[in-house]
Each structure stands twice: as structure tokens, then as C-alpha cells.
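Here is a friendly note to read alongside the model. Keep the structure open next to you and find each residue as it comes up.

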Amino acid sequence: MKKVKQGKRGTFSRLFNRRLSHWLYRTLVQLLERKCEEEGIQLVVKDPFKTSQFCSSCNRWDRRNRKGDRFRCVHCGYLAHADHNAAHNLELLGVAGVYGLRSYLSSKS
């Protein structure tokens, strides 16, 4: 009875796993929305697209900026943890009152 699953990727299909992971995410979002409403906290959704590759110091984007957990701007040399830099960028989007980096950059021009 050993090696029953040898050569198999898993018990569920890729499509089923993807649907399951999105369901769990949506459940978490609904729980967070409910908690924020109960506590009187405003929940604002922002687009996280490319926020960990965008430099919060010089406001320039380059895919080479992020390597694993490390963020190092190829333009100005700013060094930080990639998630910390992304959090700063999401905060910037909140202050600027825009949904994502694309609309933020176009509003600056």
C-alpha cells in the first residue's frame, strides 16, 4: 500500500484548487468587511498590481527592483523589504485617493 500517490500531482484538479483558493479569499474579505463595519472603520480597496516593484522613494517602476523579499531600486538605490515598500505604495494610493498605480501615475502627469 505504499506509494499510492506516486506520479500524481494531487487529489484535486488545478481548476478546483484555484476555485477553492478564491472562495477562501472571498470569505476572508467578507469577514473583514463585516468586522470593519461593526467597528466603524472605513475599508478602502486598492489595486496591489506592481506595488512591490514600484519605488516609494523615486516613484519609478522597474521589474528588476524586486528579487524575492528584497527591494532595491535600480534607479535611485533605495533598499527595503519588498512587502514594506509595497505597503508604503498602497498607503500612497490611499492618500492620493486613486485605485491603482496606473491612475496615480497618470494623475501626476
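1. **The overall layout.** The protein has three helices and three strands, where a helix is a DSSP run of H or I with at least four residues and a strand a run of E with at least two, numbered from the N terminus. Starting at the N terminus, the order of the elements is α-β-β-β-α-α.

2. **What kind of model this is.** This is a predicted model, in which local features need pLDDT of at least 70, side-chain atom pairs count only at pLDDT 80 or more, and totals for chains, interfaces and linings use all residues. Residues are numbered from 1 along each chain as its sequence is written, and side-chain values use heavy atoms, with hydrogens and water left out.

3. Of the protein's 109 residues, 19% count as buried. Buried means under 20% relative accessible area, exposed means over 50%, and partly exposed is in between (1.4 Å probe, protein chains only). Now take the contacts, meaning heavy atoms within 4.5 Å. Among those in the protein with a separation of 6 or more, 37% are between residues 24 or more positions apart.

4. **A buried asparagine.** Is Asn85 buried or exposed? Asn85 is buried, because its relative accessible area is 0%. You will find Asn85 in helix H2 (residues 82-96). Its side chain reaches the backbone oxygen of Phe54 at 2.8 Å, and a polar contact of 2.8 Å also joins the side chains of Asn85 and Ser56. A polar contact is a pair of N or O atoms within 3.5 Å; within protein, one must be able to donate a hydrogen and the other to accept it, and residues adjacent in sequence count only if both atoms are side-chain atoms. Leaving aside neighbours within four places in sequence, the contacts of Asn85 include Thr51, Cys55, Phe71 and Tyr78.

5. **Thr51, a partner of Asn85.** Thr51 sits in the loop between H1 and S1. With a relative accessible area of 3%, Thr51 is buried. Not counting residues up to four places away in sequence, Thr51 touches Asn85, Ala86, Asn89, Leu90, Leu93 and Leu101.

6. **The salt bridges.** How many salt bridges are there? The count comes to two, taking a salt bridge as a side-chain nitrogen of Lys or Arg within 4 Å of a carboxyl oxygen of Asp or Glu. One of them joins the side chains of Asp62 and Arg64 at 2.8 Å, N to O. Asp62 is buried, with a relative accessible area of 11%. In the salt bridge between Asp83 and Arg66, the closest N and O atoms are 3.9 Å apart. That pair links distant parts of the chain, with Asp83 in helix H2 and Arg66 in strand S1 (residues 66-67), 17 residues apart. Asp83 counts as partly exposed at 46% relative accessibility, and Arg66 is partly exposed at 28%.

7. **The largest pocket.** Rolling a probe the size of a water molecule over the atoms shows where empty space is left. In this model, the largest pocket holds about 360 Å³ of space. Of the 13 residues that line the largest pocket, the closest to its centre are Tyr25, Val29, Leu32, Leu43 and Val45. On a 1 Å grid over the protein atoms alone, a pocket is an open set of points where a 1.4 Å probe fits, with protein on both sides within 12 Å along at least five of seven lines, and lining residues have an atom within 4 Å of a point. Grid points are joined across faces, edges and corners, and the volume is the space filled by probe spheres set on the points.

8. **Who lines the pocket.** Helix H1 (residues 14-39) gives the most to the lining of the largest pocket, with six residues. That lining divides into 10 nonpolar residues, no polar ones and three charged. Here Ala, Val, Leu, Ile, Met, Phe, Trp, Tyr, Cys and Pro count as nonpolar, Asp, Glu, Lys and Arg as charged, and the others, Gly among them, as polar.

9. **Val45 in its loop.** Val45 belongs to the loop between H1 and S1. At 54% relative accessibility, Val45 counts as exposed.

10. **Two backbone angles to check.** Lys50 has a positive phi of about 65° although it is not a glycine. Asn59, also not a glycine, has a positive phi of about 60°. Lys50 lies in the loop between H1 and S1 and is partly exposed at 28% relative accessibility. Asn59 lies in the loop between H1 and S1 and is partly exposed, with a relative accessible area of 23%.
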